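Me: I have not looked at this structure before. Could you take me through how its parts meet?

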Amino acid sequence: MKKIVCCMIFLVVFITLSSYPVQAEEITTLNVYNWGEYIDEDVIDLFEAAHPNVEVNYETFDSNESMYTKLTMGDANYDVIIPSDYMIERLIKEDRLVELDVTKLTHYNEISNEFLVKSEVFDPNNNYAVPYFWGTVGILYDTTKVDETVDSWSILWDETYKNQIFMYDSQRDSLMVALKLLGKSMNTTDKEDLELAKNKLIEQRPLVYSYVTDSVIQQMISGEAALAVVYSGDAAYIMDENPDMAFAIPQEGTNFWIDSMVIPKTSQNIDLAHEFIDFMCDPDIALRNTEYVMYSSPIESVFNNVITEDWANNIAYNPDGVIDVFGGSIETEVFRDPGDFITEYDKVWSEVLAPKPNYLIPIIIGAIVIVAGSAYYIITKKKKSY
Amino acid sequence: MNKSLNRLSYPYLLWTFIMIVIPFFLIFIYSVTSSKEGSPVIFQFTFDHYREFFSPSNINILNKSIWLAFQTTVYCLILGYPAAWIISKINIRKQNAIILFFILPMWINMLLRTYAWQIILGRSGILSTFFNIINIKYEGILYTDSAVLIGMVYNFIPFMVLPIFTTLIKIDDNLIEAAYDLGASTKETFLKIIFPLSLPGVVTGIILVFLPAVSSFAIPRLLGGGQYVLIGNLIEKQFYLLGNWNFGSAIAIILMILIIISMMFMKKTDELKSRGGGTLPW
């Protein structure tokens, strides 16, 4: 009996141990958290090939807000994340980011100075963030369905395009459109401005086909609607796939954004994170990424290299001379973190999307339930009398 | 024998406790506290989240969710009862095959099936191609109430058909024959014998359809196109986007209370008959 028990214990121990292969070298995992559809995934393989003991765990998010929730609520240890300007400002304010050691970034000087200057809006002294992609927000339109010149956000309120409009399902971007149309700042902290913008968006609701996120790309390629509010990089990609589409930046002004690479304080591999950021700034790698996702690269040589390509001549990729950042006339703004005022934005946006009041519904349901109940009661009562 | 069986159930009780009671308790704690400065450790007792819920826009959302779930249930019942009736009448070999056809789509992920509806109903989809061929102008019903309703009914109808089917096949044919013998017409037989006997199945079906329908969020979002905010979307948003777990928990508790009330109502009608059956066939 004892022998059998001994054998069993030995067997169990042996099996458990043998299922863990003894590793000759320590494998480090680098956790990268990025927007969906925002990288040429071969680049990750290249990074792994260059660092044999590193395994990259690549995850994606679909909005700055969901990224923030996951970062702060969960126990995830991300090493590199790539959020947008206003979210980086918030993360810096809350002391969640690691100060970068620029001496470790050999390709840092490849980045055009203008983006570093522009980044100072949300990251003073460029201590925390390295620009990854930049762009604008504009109107993508189907030239076979829209004959007039598109140069104003007001076309999104035009009755003739009822059920032909895609809006972006993101509170900052949609409120930006309404605020700019009203001539207000997209970073307003005035409740009255937000109230006006809310009414404007509620007025627009019946005309909107759908509020979408990344799915707008496929749907505009197949020509489901005539007009869509899109990010410039998505516009470049859609126009490359469907030549009927064109992109316009409205005269009232728009959002100029920069998505940058940052290292959160929870990172376990700060040195390796620096190496990854540096790798992404390598002109060869940045070229691969920009050609794959078609967002504008802040790396000067890459941008000049790509500019000869068809899609890159469009203002979606290259708004040179159109927006104020590049000597144009259209005013742009960078999103700022509104602090606690963000709850007002949340509230306004939920009110825009909330269904219309309908007091008939509870009455109808109540009536039907009462009728069914009493009918049932009468039937069962009859049965008992038999 | 009885004692050892009791002891055997301990692991399950423990499991229920860990996986159901504790999470429920946590949700309740979250809903009546507010976490200061993003720290979930320091609690402060408050009913603010419940008060916050009863704002006009949230009431409208709740209103619309219940209406949609109600419509879904009614359509499922109207379509599902005859289907279950037909299946219960055909011979047993074909019966199994048809039941399999009802269950088969449930093996495929629900999101995938809903995406398929997006493609079918869309402007450049299968339906519009079909209407183009026969020269009818089709503007597409994707992103409307009808699209959401179609998706919901499609997804939940097996939960209505199967319980009704199980009660229908359990009905003793002698009872029906007796009714005919005593001179009841087909209509009378159905109304006085068959339908009352199948009611447990109907009640189970209504519960199984209504409960997931009232809190669903994926189907309304995919087929309703963003402008369709329901109570499920509201809860999801609190957790996923805004990180406001306290308010999200409060909404979940309110929804749970509503569901418990409607369950009690249904149970009351169920007790009146005190007949078993009406469970799912698997």
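This is a predicted model: local features need pLDDT of at least 70, side-chain atom pairs count only at pLDDT 80 or more; totals for chains, interfaces and linings use all residues.

Me: What area is buried between domain 1 of chain A and domain 2 of chain A?
Reply: The size of an interface is often given as the accessible area lost when the parts come together. Carbon and sulfur atoms give 61% of the area between domain 1 of chain A and domain 2 of chain A. The whole buried area there is about 2000 Å².

Me: Which residues form the salt bridge across the interface of domain 1 of chain A and domain 2 of chain A?
Reply: The rule finds one salt bridge across this interface, while nine residue pairs are in polar contact between the two domains.

Me: What area do chain A and chain B bury between them?
Reply: The contact takes 37 residues from chain A and 31 residues from chain B. In chain A, the residues that lose the most area to chain B are Tyr209(A), Pro355(A) and Tyr376(A), together 21% of what that side buries. Carbon and sulfur atoms carry 60% of the buried area between the chains, which is about 3000 Å².

Me: Which element gives the largest share of the side of chain A that touches chain B?
Reply: Across the interface of chain A and chain B there are zero salt bridges by the rule and nine residue pairs in polar contact. Helix H3 (64-73), strand S6 (208-212), helix H13 (342-353) and helix H14 (360-385) of chain A each give two or more residues to that side of chain A. The largest share, eight residues, comes from H14(A).

Me: Why is the pair of Tyr33(A) and Tyr78(A) stacked?
Reply: Tyr33(A) is in strand S1 of chain A and Tyr78(A) in the loop between H3 and strand S3, 45 residues apart. Their ring centres are 4.2 Å apart. Planes under 30 degrees apart count as stacked. The pair is stacked because the planes of Tyr33(A) and Tyr78(A) lie at 5°.

Me: How many residues apart are Asp337(A) and Lys93(A)?
Reply: A search of the whole structure finds 18 salt bridges over all chains. Asp337(A) and Lys93(A) form a salt bridge, with the closest N and O atoms 3.0 Å apart. Asp337(A) is in the loop between S10 and H13 of chain A, and Lys93(A) is in helix H4 of chain A. The pair links distant parts of the chain, 244 residues apart.

Definitions and conventions
Residues are numbered from 1 along each chain as its sequence is written. Chains are lettered from A and ligands numbered from 1 in the order in which they are written. Side-chain values use heavy atoms; hydrogens and water are left out. Buried area is the accessible area (1.4 Å probe) that two parts lose on being put together, summed over both. A salt bridge is a side-chain nitrogen of Lys or Arg within 4 Å of a carboxyl oxygen of Asp or Glu. A polar contact is a pair of N or O atoms within 3.5 Å; within protein, one must be able to donate a hydrogen and the other to accept it, and residues adjacent in sequence count only if both atoms are side-chain atoms. Contact means heavy atoms within 4.5 Å. Helices (H or I, at least four residues) and strands (E, at least two) are DSSP runs, numbered from the N terminus. Rings of Phe, Tyr and Trp (its six-membered ring) pair if their centres lie within 6.5 Å; planes under 30 degrees apart count as stacked, over 60 as edge-to-face and the rest as tilted.
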